[in-house]
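Dear colleague,

I am passing a structure on to you, and I would be grateful if you could look it over before reading my notes.

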Amino acid sequence: MPRTELIDVENLANRIPDGALLALPADRNGVALAATRALIRRRAQGLRILTVPTSGMQSDLLIGAGCVAEVETSGVSLSEYGPAPRFGAAVSEGTIVIRDATCPAVHAGLQASEKGVPFLPLRGILGTDVLKFRPDWRVIDNPFEAGSDPIVLVAAVQPDIALFHVARADRHGNVFVGRERDLVTMAHASRRTLITAEQIVDVDLMHDPAYAAGTLSSFYVEAVAEAPRGAWPLGLHGCYAEDAEHLTRYASAAATPEGFRRYLDEFVFATRAAAQ
Amino acid sequence: MTAYRAEELLIAVIADLLAGCRHVAVGMASPIPGSAALLARHRSGGAMRVSILGDPENTFWSDGGKELFDCAAQGRIDAFFLSGAQIDGQANVNLVGIGDYPRSRPRFSGSFGAAYLYHLVPKVILFRPDHSPRVFVPKVDFISAAGTSPPNVYRPGGPAALVTGSARFSFDRARGGFRLESVHPGNDVAAIRRKTGFDFGEPTTIPTTTPPDAETLALIRGPIRQEIARPYPRFATQLTSN
C-alpha cells in the first residue's frame, strides 16, 4: 500500500469520481460535510450512496444538488429537525433509484465484504417488503437444521470509497475513531478510504496502545485532509455540538426547490472559505 | 386526583408494560418510550438496564451500531419500541411511505432496524400517540416490519402491545390480532372503533386506564424529566410547561 497522502479538502473531493459507490456514516458518527460541499462545488454526478446505516443532511444536500443517481439506505431524515425534504421529493418523483435496507443488513453487507465472503446470513427481515424489493438478497434454508428454517442472506457490498470525518489523524495517516467502530467496518469494506480530520497531530497513534485500539490504521487510508469544523453544521462527538439554529434553517430552506437552491448558493457555492 | 398531562399518562402506561425486563432499548425519535423506560428502571431499583439511542450516558456499546443488533439476535434485549406511519390489524408496520412503492408519496425516512428487531426482541411495544384511521389502516402500503410469521420462521420476538393516545391493546401472535385492554380516561370504545381501520377483540367490560398516581407523577417531573432532557431537550421543556 502506498503511504497515506495529506491533501486539502478540494483535492480530496476531486478524488471521488462521478458514479462512485460512496459509503457515508450516520449523522452523529463523523460526517465529512466540508468535503461534501466541495463535492457539490465540483458538480459531482451519478454518485451512488450507501448510508451506514442511515443518513441525514449530507445525503439530502447531495441529492438536492443533483449529484446522486441511487441511494441504498435504512433511513434518511433530519432527525429532530424533521424529514429530509430533498430525499423525499427525489424518491417520490423517481429522480433517484432507492434501495431500501434495514440497519443490520447494511452492517452485514459491509462485514461480508470485510471478510472477503460473498454474503452473511442474518435473522429477521422475512415477510417484509424490504426483502421483497431486494432481489440481491436471498433466502435459503439453514443447512445446519434438519427441519425448515428459512434465513436471509445479505450480499457483500464493496463501496468504491468510504468518506468520513474524525477529530484526529496523525501525519502518517492513522485515524482515531474511538467508539465509532462502524467507520472501521466502512474502511475495511471499501476499496478506498478518504478522510477529513479536525486536526492532524504530530504523534503516531499506533504507538500508544490506549489509542491504537480505537485507531484505523493508515494501511486502509488513501488520503487525509485537515478540515477544522469539518462536520459543521452537524456535531462531532467530543469536539462540538450540532448547530441547531443552522439545521433548523436548512430544514425549512430545503422544503422547496427554490429555498434549497438559495441555500446552496449561500452556504456551498458562495462561501467557500466560511464553508470550511 | 392530581392533574396530569397526556404524555405523563402514556409514560406511566408504557412503564407498567416494561416491569420485569432486564434490558430495554429505545430507538430514535422516541421521547415518551424513553421516559417510560427510565421510569421503569427507576422502579426496578437498578435491576433494569436501559439503552437510549442518541444518549451517550445510556448507550453501552463500544463496537459500533452493529453491536446493538447483534445483542438483539443473541436475546440480550427484552423490549423495544416501534412506531409507524401506518400500522395494520396484523401489526405490520410501514415506515417507508404512502402509495405504490418505490415512488411513495409522501416518502418517509425508511425502515431503520425495524425489519430485523421485530423478529428478535421478545416484547416490542407499538406506540403511536395520535389515534387516527390514517395511521391504523386495514392494510399497510409497505411492510417495513412484519407483525406475524409462519410457524417455521425463527421468531423469538414480535408485537406485544399497542399504546395510543386513546387506548392500550395487546396482540395475540398465534391468532394474529389486537385486543383492546383498556381505554384512556375521556375516550370510549365506539369512538375508538371509528378511528381504527381494522377490527380488534374486546372484553365484555372494558377497564379505564388507571391514571398515574402522585408518586409516579413526581418521578416523571423530577428525575425522569431531568434524564430525558439529555437526548430530548425540547421534549423535557414541554413536560414542564404546564
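This is a predicted model: local features need pLDDT of at least 70, side-chain atom pairs count only at pLDDT 80 or more; totals for chains, interfaces and linings use all residues.

Residues are numbered from 1 along each chain as its sequence is written, and chains are lettered from A and ligands numbered from 1 in the order in which they are written.

The contact takes 37 residues from chain A and 38 residues from chain B, where two residues are in contact if their C-beta atoms, placed from the backbone, lie within 7 Å. On the side of chain A that touches chain B, the elements giving two or more residues are α4, β5, α5, α6 and α7 of chain A (DSSP runs numbered from the N terminus, helices being H or I of at least four residues and strands E of at least two).

In chain B, an open sheet of 3 strands runs in the order β5-β4-β7 with mixed pairing, and strands pair if DSSP finds at least two bridges between them. Because β5 and β7 of chain B each have a single partner strand, they stand at the edges, and one side of each lacks a neighbour in the sheet. Strand β4 of chain B, residues 86-88, pairs with β5(B) in the antiparallel sense over 2 bridges, and B:Ile87 has B:Val93 in β5(B) as its bridge partner.

Finally, A:Asp202 lies in the loop between β11 and α8 of chain A. A:Asp202 counts as exposed because it has 6 C-beta neighbours inside 10 Å (exposed means 12 or fewer other C-beta atoms within 10 Å, buried 20 or more, and partly exposed in between, with C-beta atoms placed from the backbone).

With kind regards
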